[in-house]
Amino acid sequence: GGLWMHALVAMPVVNAYAKAVKEAGAEFHVKELVFASGPEVTAAAVTWLELNDLADETAQYHVMEFTWREETMDKFFAVPGSSTSSGLVTGASYSYVNDLGDHEEDRFKFRMVLKPEPSNTDPPIEQHRISIQLVGGKTSSQVYMMSFHSIHPEYQLHMMVDDNRMPYVESDAVFHKWHPLMAQLRTIPRLRLLIRVKPDGSGPLDTMCGCC
């Protein structure tokens, strides 16, 4: 589609962004990448440029947005101690050539979950841990490692999945209600993430023993 950023950043930045997107090699599963500010554009451009530097031929990359309905987040923030889940996000995959030379792919589905986390401060503060729900991982042809990285100028979120067959993975990331990530969810209920998918090297699952 078209590239419309001239109202947010200078033309040299637009040119650098367009070049970075073209060379990044990531799949975009977002109907429109909407930016609210120039720093958001810069954060995305830096992410695409970093992809160019990684040069990992066995990894594949996807840009996805996890969203919530506004009324869902209004209730979430209005009721202390509540949990919430994003909508299910589909489209991410890993394409490969099997032993017969045929092109195949494994597909993945994700959901982000925010659950209350006990606080050890005095007085206690309200905080939530973010986790990943993985759907359909047990049907994949091999085991994949995944990493999830935020694309935002005001916070950094990094989450790891060692085995995509796990239905639920708790991250180490805990956010209090004043954290920039939580502040963004109040106004723009979405998380924009870069997802890296890479086989763990153990080989096809159908050749493993029954204990695996």
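Of the 212 residues in the chain, 42% are buried. The model is a predicted one. The accessible surface of the chain amounts to about 12,000 Å², and carbon and sulfur atoms account for 53% of that area.

The secondary structure consists of four helices and ten strands. Along the sequence, these elements are arranged in the order α-β-α-β-α-β-β-β-β-β-β-β-α-β. Contacts in the chain were also examined by separation in sequence. Among those between residues at least 6 apart, 67% join residues that are at least 24 apart.

Strand E2 spans residues 60-67. Seven of its eight residues are buried, that is, under 20% relative accessible area, and the strand is therefore largely enclosed by the rest of the structure.

Strand E2 pairs with strand E1, which covers residues 27-28. The two run in the parallel sense, and two bridges link them. Within this pairing, Glu 27 lies opposite His 62 of E2.

Strand E2 is also joined to strand E10, which comprises residues 190-204. Here the strands run antiparallel, with eight bridges between them. Thr 67 has Arg 190 of E10 as its bridge partner.

Note on methods: Residues numbered from 1 in each chain as written. Predicted model: local features only at pLDDT ≥ 70, side-chain atom pairs only at ≥ 80, totals over all residues. Heavy atoms only, no water. Buried < 20%, exposed > 50% of the residue type's maximum accessible area, 1.4 Å probe, protein only. Pairing = 2+ DSSP bridges. Contact = heavy atoms within 4.5 Å. Areas by Shrake-Rupley, 256 points an atom, 1.4 Å probe, with all protein chains shown as cover.
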